[in-house]
Structure formats: C-alpha cells, structure tokens
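Thanks for coming, everyone. Please have a look at the model on the screen before I start.

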Amino acid sequence: STGEAINWLKDPDLQTALLDSSFNPADIDKGGITLYLCIPIDSIEIYSTWGRLIVGGLLYANSRPSGRSKAWCYYLLDEFPTMGVFPEVIKALAFSREFKMRIWLYAQNLAQLDRIYTENQRKEILGTCGVFQAFAVNEPTTANYVSERLGVKTVSKMVTSRSESFGGESNTTSYSTSKNDFQRALLFSNEVEREKNMICFSEIGTYRLVKWMYWKSPTNNLEAKYFKVMNANADKNINYS
C-alpha cells in the first residue's frame, strides 16, 4: 500500500523538480511571492498528487502562527475537481479569513464536484465559500442549484371573466376583472442555462454581473478608468495587446 501511494515519485520529471526549491513555504505569507503550478492537462492524473502535495503544504505553512504580521495570500485553483479529493482545501476554507487566505476554486460544473466528493462534502465546500459565481451554465445539476438558490418572486396576473344572461328579448353581458398573485422561480433552470451574464451569490447580496469586454473602447467613466489601467500595463503582459 505504501509503495502504491508513492509510486508517482518514480516519474523522472518530478524527481528533477523535487531536487531543490527556490523558496521556503514558510515565507509564502510574507508577500511579494507569486508561484505558478502548471500541470499539462494530459498529465493531470499523473501529477495531481504532486499538485495536492505542493498546495497542501503551502496551506499548512500559511495557517501556522508566525509571530509576525501576515500578508494576504490568494490561491487560484483552476480545474479544482481534476486534482482529486482534496480535504486540505476543505479544511482551509473554514479558517482562511483568520490566516488572511483567499481561496478561489474553479470547476466546470457541480457535477464534477459530485463525481469526486460526497454530497455532504459538496455542501460543505459551497457553504463555506463567501462567494459563488456561475456563468455559461450548461449542465442540469448546476442550473437546478442556481435556480433553487435564487428563490422565487411574486408575479401578478390580471384575469378577466365574462358572463352572459339570457332573459326574454334582452341579453346582457358582464365582465369582471381580478388580480391573482402567484409565485414563480426567479429564474427556472432552463433560463439559467440561457443567461448570458454572471450570477453571483455573496454575503452581501445576490447580483447579475454584466461582463466587461476589457479590449473594447470604454462606454462610460468606470470602463474608461480600467481601460486606462489595462493600456498602461499592456507592455508588461505578453498576452495583451
């Protein structure tokens, strides 16, 4: 069992990568450090254990008392479900604020989480996240979750009824109008899947966030402000022109 658990260490590329380190994990909360952990998508199953080891070690080092002021640390874990079961992240979500950590998890949909974690673990992950964002939803589990979490709204509908009476040579027709209130989902699951904007649940409210196409000419003062910032830093980012 032990041999099977450490079998991934036989990979020559990993052996080379683990020969030395250019920084001390205990320094991660001093600030001024950016670490990129890049795993090829076709090797994610091979290297996922290594990825969990690195991130888990950093989370552990970040959560230890250091006797000094800590800088905020941000963890952006793209394709989080592909890393496999990651209990260290679930634990860290609960005390991340206390140790100045922000953990941002990305997943294609909730069905990915259901494939890796139990129902209670999925609820724990979503329950401890301060913000949940959903966009480009095209999967029923996620669409149903967003629809249910949005809740319902009251809709009024005017109903007109018609009645006729026949008596001798004269016929009379009367109309009556009434207003009926009923509840419907704020967005049904199929409407969530057609939503073009981002739906954001947070501790301060629920929002529909309109995407900003940062490469287009600004149309208002706020866009102009950020457009100026983007242009000023364009020469520092090889991906932006």
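First, the ground rules. This is a predicted model, where local features need pLDDT of at least 70, side-chain atom pairs count only at pLDDT 80 or more, and totals for chains, interfaces and linings use all residues. Residues are numbered from 1 along each chain as its sequence is written, and side-chain values use heavy atoms, with hydrogens and water left out.

Now the whole chain. The protein chain has nine helices and seven strands. Those are DSSP runs, numbered from the N terminus: helices are H or I with at least four residues, strands are E with at least two. How far does the C-alpha trace span along its principal axes? About 105 × 55 × 40 Å. The radius of gyration of the protein chain is 27 Å, whereas a compact globule of 241 residues would be near 18 Å. That radius is taken over C-alpha atoms, and the globule rule is 2.2 Å times the number of residues to the power 0.38.

On burial, 27% of the 241 residues count as buried. Buried means under 20% relative accessible area, exposed means over 50%, and partly exposed is in between, with a 1.4 Å probe and protein chains only.

Next, contacts, meaning heavy atoms within 4.5 Å. Take those between residues at least 6 apart in sequence: 61% join residues at least 24 apart.

On to the strands. Two strands pair if DSSP finds at least two bridges between them. Strand S3 covers residues 131-134. S3 runs antiparallel to strand S6, residues 198-202, and four bridges join them. Val-131 stands opposite Ser-202 in S6. S6 also runs antiparallel to strand S7, residues 205-209, this time with five bridges. There, Ser-202 stands opposite Gly-205. A hairpin joins S6 to S7 through two residues.

Which residues of S3 are on its covered face? Phe-132 and Ala-134, while Val-131 and Gln-133 are on the uncovered one. In a regular strand the side chains alternate between the two faces of the sheet.

Leu-110 is found in helix H5, residues 110-116. Leu-110 is buried, at a relative accessible area of 5%. Set aside neighbours within four places in sequence, and Leu-110 is in contact with Arg-122, Leu-126, Phe-132, Glu-139, Thr-141, Thr-142 and Tyr-145. Compare Ser-176: Leu-110 and Ser-176 are 66 residues apart in sequence and 49 Å apart in space, C-alpha to C-alpha.

Last, two loop residues. Ala-136 lies in the loop between S3 and H7. Phi of Ala-136 is near 55 degrees, a positive value in a residue other than glycine. Is Ala-136 buried or exposed? Exposed, at 55% relative accessibility.

Glu-79 sits in the loop between strand S1, 73-77, and helix H4, 87-95. Phi of Glu-79 is positive as well, near 50 degrees, and again the residue is not glycine. Glu-79 is partly exposed, with a relative accessible area of 22%.

That's my tour. Thank you.
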